[in-house]
Structure formats: structure tokens, C-alpha cells
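Before the discussion starts, please take a moment to look over the chain and its fold.

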Amino acid sequence: MDCSSFNDAVTEQTVFLIRPEALHCENHIVHALKQDGFKILDRKHLAISPEQAQAQFAATAVDPNDLDALDGYVGNLTGAAGSAVVLLLSRFNALDSIKSLMGPLDLLEAKDFAPTSLRAKFAVSSQKCAVEATETFEATEASLRIFFPDRLRTTLPSVEESKMLLEEALYPVLTQGLTMLCKEKPANPTVWLGKWLVEHNPNRPNVADV
């Protein structure tokens, strides 16, 4: 086990849509998400309303003021298009990971440069791109308000706030534990480290024996 460095990983959430054109591939897409390490925190099958689609476009579009793109987006996501699946996903570095898993929005680019991506496999066109997801903390917060209001946190932490929390609360004790792990070299390092972290949790109350 290499104890010399650690990834600056942060657990993040993303709101992920399986669009109407890819609904028949739901099982394959969900399997790919799980294989890539994503945890499904919530799932909804629903017919997205025009109001929800407009709000989602405003939260995620590169240019929210592009009215032509808005009309096409709403039309492809609602009405006769059918229902969609909305997933709330969690993973370390979820926002970057979901971009890689989905692949480029342009279908030809996806097929050429990311042939194993979800869009290369399941998209119908660049407009009917099979899947989409929030790619920033701000977009995720906005999408939570649209689709999962009961799961909305008061404030989603920024990357800087998350890093500061990890650096101050987690990394010091984790570094110490991994250093001890390298010295001890136990037969089952995962179990050993888990027990060590529980025993040396700095937030664990110090209760004296009576």
C-alpha cells in the first residue's frame, strides 16, 4: 500500500437525468453509474413539466438566455417525449467523474473521442443526448430545488470549503493513521485502519470509567 500521497478527493452530489429518448436503456445506464462508483441516493420516474424543464435549463445551460436552445430543450424533455428518470448521485469527485462518464455533448465527438461514454452508446443526436447531469455545486443546488427539494441542504459547500474541512478535520488524523498502518503492515489493512480511525477519532467523547 502506498502511503506517500493521498487524493484530494471530495464527496460531491450531482443530479443526473436519463432523458426520454434513453429511458429504455435505464438498466444499462444505472449499471454503468454503479460500476463507476456512483451511489444512488434517490430516484424518481416522472413526466417533467415545462416549468421544471425551463428551470433546469436555466440552472445548467451554458447560455441560459439562448431562447432557441431553450425551446428545443423543453420540447425534447417534456410533452409527447414521455417520462424521464431523475437520479441524485453521490461519489468522490462526482462532478468531474460524471462529465467523463457521460462524454461530450456533441454526438460525433463522443463517438470519436469517447466511444465507451454513455452519450456515445445511447444518444440519438446532440440534442437528444440520452443523459445529462449537473456539473457545478450551484447547478446541483438549483436542480435539488426542482426535483429533490426535501433533500436540499441549507447551503452546499464550495470546493474551497470542502477542502478546508478535509484539511482541518480529516487529513491530520488520516495521515497519522496511514503512517501507523505503514509501520504495522497488518494482514488486513482496511479493517485495521477502520478500527484505528474509530479509536483515534478526535471528535469521540472522552468518557471516564466510573
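This is a predicted model: local features need pLDDT of at least 70, side-chain atom pairs count only at pLDDT 80 or more; totals for chains, interfaces and linings use all residues.

Q: Which strands does β3 pair with?

A: Strands (E, at least two residues) and helices (H or I, at least four) are DSSP runs numbered from the N terminus, and two strands pair if DSSP finds at least two bridges between them. Here β1 (residues 11-18) is joined to β3 (residues 84-92) by 8 bridges in an antiparallel arrangement, with Glu-12 standing opposite Arg-91 of β3. Strand β2 (residues 39-46) also runs antiparallel to β3, through 7 bridges, and Arg-43 stands opposite Leu-87 of β3.

Q: How many residues of β3 are buried?

A: A residue is buried under 20% relative accessible area, exposed over 50% and partly exposed in between, using a 1.4 Å probe and protein chains only. Strand β3 is mostly covered, since 7 of its 9 residues are buried.

Q: Which residues touch the most other members of the largest nonpolar core?

A: A nonpolar core is a set of buried Ala, Val, Leu, Ile, Met, Phe, Trp, Tyr and Cys residues joined through side-chain atoms within 4.5 Å. In the largest one, which has 22 residues, they are Phe-16, Ile-18, Ile-29, Leu-33, Leu-87 and Ile-98. At least two residues each come from β1, α1 (26-35), β3, α4 (94-102), α6 (118-122) and β4 (131-133), and α4 gives the most, with 4 residues. A second, separate core of 17 residues includes Leu-17, Leu-46, Ile-48 and Val-74.

Q: What lines the largest pocket?

A: Rolling a probe the size of a water molecule over the atoms shows where empty space is left. On a 1 Å grid over the protein atoms alone, a pocket is an open set of points where a 1.4 Å probe fits, with protein on both sides within 12 Å along at least five of seven lines, and lining residues have an atom within 4 Å of a point. The largest pocket holds about 710 Å³, and of its 26 lining residues the closest to its centre are Thr-60, Ala-61, Val-62, Tyr-73 and Leu-105. Helices α2 (50-60), α3 (67-77) and α4, together with β4, are the elements that give two or more residues, with α3 giving the most, at 4 residues.

Q: Where does Ala-130 lie, and is this residue buried or exposed?

A: Ala-130 lies in the loop between α6 and β4, and counts as buried because its relative accessibility is 0%. Its phi is near 75°, a positive value in a residue other than glycine. Phe-122 of helix α6 touches Ala-130, as well as Cys-25, His-28 and Ile-29, not counting residues up to four places away in sequence.

Notes: Residues are numbered from 1 along each chain as its sequence is written. Side-chain values use heavy atoms; hydrogens and water are left out. Grid points are joined across faces, edges and corners, and a volume is the space filled by probe spheres set on the points. Contact means heavy atoms within 4.5 Å.
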